[in-house]
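Visitor: I would like to learn how to read a protein model feature by feature. Could you take me through one slowly, giving the general idea before each case?

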Amino acid sequence: MALSGRSLFLTIGLAVGISFNVGRLLRFVNVDTRQYRDAVVDASDKEALNSENRSILGQEQERWMHERFQSSPARWNVLTNSVVVAPIADDKVDQWDGFPSSRKRLLQTFRNIQNPVVLTGDIHQHCAAELWGEADEPVGIELICTSIASDGDGQPGSSSDVWLKHPYVKKMDQRRGYIFVEVTKKQLNAQFVVVSYVEKDDQAPRQVAFTYYSPSGSRRLIEKGF
């Protein structure tokens with residue numbers, strides 16, 4: 001696949017940032033939230049935490065990300081990144097919670113593009129969440145994928161009350177697995193697939209923990225029955 005110079009974020013160090021299109025259906029923008037970020041600050045230091053200049057991506061990469069989304073002709077615009085975007089708790093300073101100004105700028109860009117979707121990992125649990133703006137209006141969706149093996153077998157559902165208390169966090173599951181995502185012009189479908197065990201052997205049958213879909217233009221997740 002040929003990529004233009006603007007599709008790559010290149011600087012000193014290991015370049016992770018890359019952007020590419022799948023026709024006019026999808027634009028993927030992959031960012032590095034580890035290498036260029038400002039220093040993580042203590043959750044109690046509200047002045048530093050809420051500084052307008054703080055960025056989880058670094059200023060140069062953040063400008064590149066916004067440009068890739070703002071210039072997108074795609075029906076669905078997908079951000080792939082390593083840590084959770086949705087607001088969860090004040091002490092989650094290693095996630096986008098530790099960079100609220102950076103997240104505010106991201107959600108502002110999301111308001112002005114078609115069908116924003118975030119794909120995330122990191123927490124070793126499945127999670128389906130909406131991304132809400134300051135007026136509690138949906139501006140995008142986030143699909144958080146569990147691990148394949150880390151943390152052992154896990155268990156159905158989740159005991160993460162600090163997450164589930166938020167109305168935009170729709171459902172979670174602590175088992176191992178993956179997310180199967182299907183995208184058309186009309187909607188996105190996401191199956192959160194799990195297995196009941198990984199520690200015994202590799203023969204556990206796959207099952208779907210839950211399924212959500214997002215109609216194009218809705219910026220919402222709607223649970224879909226089996």
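Guide: Let us begin with burial, where a residue is called buried under 20% relative accessible area, exposed over 50%, and partly exposed in between, using a 1.4 Å probe and protein chains only. Alanine 190 has 0% relative accessibility, and therefore it counts as buried. Please keep in mind that this is a predicted model, in which local features need pLDDT of at least 70 and side-chain atom pairs count only at pLDDT 80 or more, while totals for chains, interfaces and linings use all residues. Residues are numbered from 1 along each chain as its sequence is written, and side-chain values use heavy atoms, with hydrogens and water left out.

Visitor: How many bridges join strand 9 to strand 10?

Guide: Two strands pair if DSSP finds at least two bridges between them. Strand 9 (residues 187–195) and strand 10 (residues 206–215) run antiparallel and are joined by 9 bridges; valine 195, for instance, stands opposite arginine 206 in strand 10.

Visitor: What is the order of the strands in the open sheet with antiparallel pairing?

Guide: That sheet is made of 4 strands in the order 8-9-10-11. Strand 8 (176–183) and strand 11 (222–224) stand at the edges with a single partner strand each, so one side of each is left without a neighbour in the sheet. The twist from one strand to the next averages 25°, where axes are lines fitted to C-alpha atoms, for helices over the stretch in contact, and angles run from 0 to 180 degrees between N-to-C directions.

Visitor: How many strands form the open sheet with mixed pairing?

Guide: In that open sheet there are 7 strands, in the order 1-2-3-4-6-5-7. The edges are strand 1 (18–22) and strand 7 (169–173), each with a single partner strand, so one side of each has no neighbour in the sheet. Neighbouring strands here are turned by 20° against each other on average, direction ignored.

Visitor: With which strands does strand 3 pair in the parallel sense?

Guide: Strand 2 (residues 26–30) pairs with strand 3 in the parallel sense over 5 bridges, and leucine 26 has tryptophan 76 as its bridge partner in strand 3. Strand 3 also pairs in the parallel sense with strand 4 (residues 116–120), over 4 bridges, with valine 78 opposite valine 117 and threonine 80 opposite leucine 119.

Visitor: Why is strand 3 described as largely enclosed by the rest of the structure?

Guide: In a regular strand the side chains alternate between the two faces of the sheet. Strand 3 is largely enclosed because 5 of its 5 residues are buried; Trp76, Val78 and Thr80 lie on one side and Asn77 and Leu79 on the other, so that both faces are covered.

Visitor: Is serine 71 buried or partly exposed, and what does its side chain contact?

Guide: Serine 71, in the loop between helix 2 (59–70) and strand 3 (76–80), counts as partly exposed because its relative accessibility is 35%. A polar contact is a pair of N or O atoms within 3.5 Å; within protein, one must be able to donate a hydrogen and the other to accept it, and residues adjacent in sequence count only if both atoms are side-chain atoms. The side chain of serine 71 makes such a contact with the side chain of arginine 27, at 3.1 Å, and a polar atom of the serine 71 side chain lies 3.5 Å from the backbone oxygen of arginine 68. Serine 71 and glycine 58, 13 residues apart in sequence, are 20 Å apart in space, C-alpha to C-alpha.

Definitions and conventions
Helices (H or I, at least four residues) and strands (E, at least two) are DSSP runs, numbered from the N terminus.
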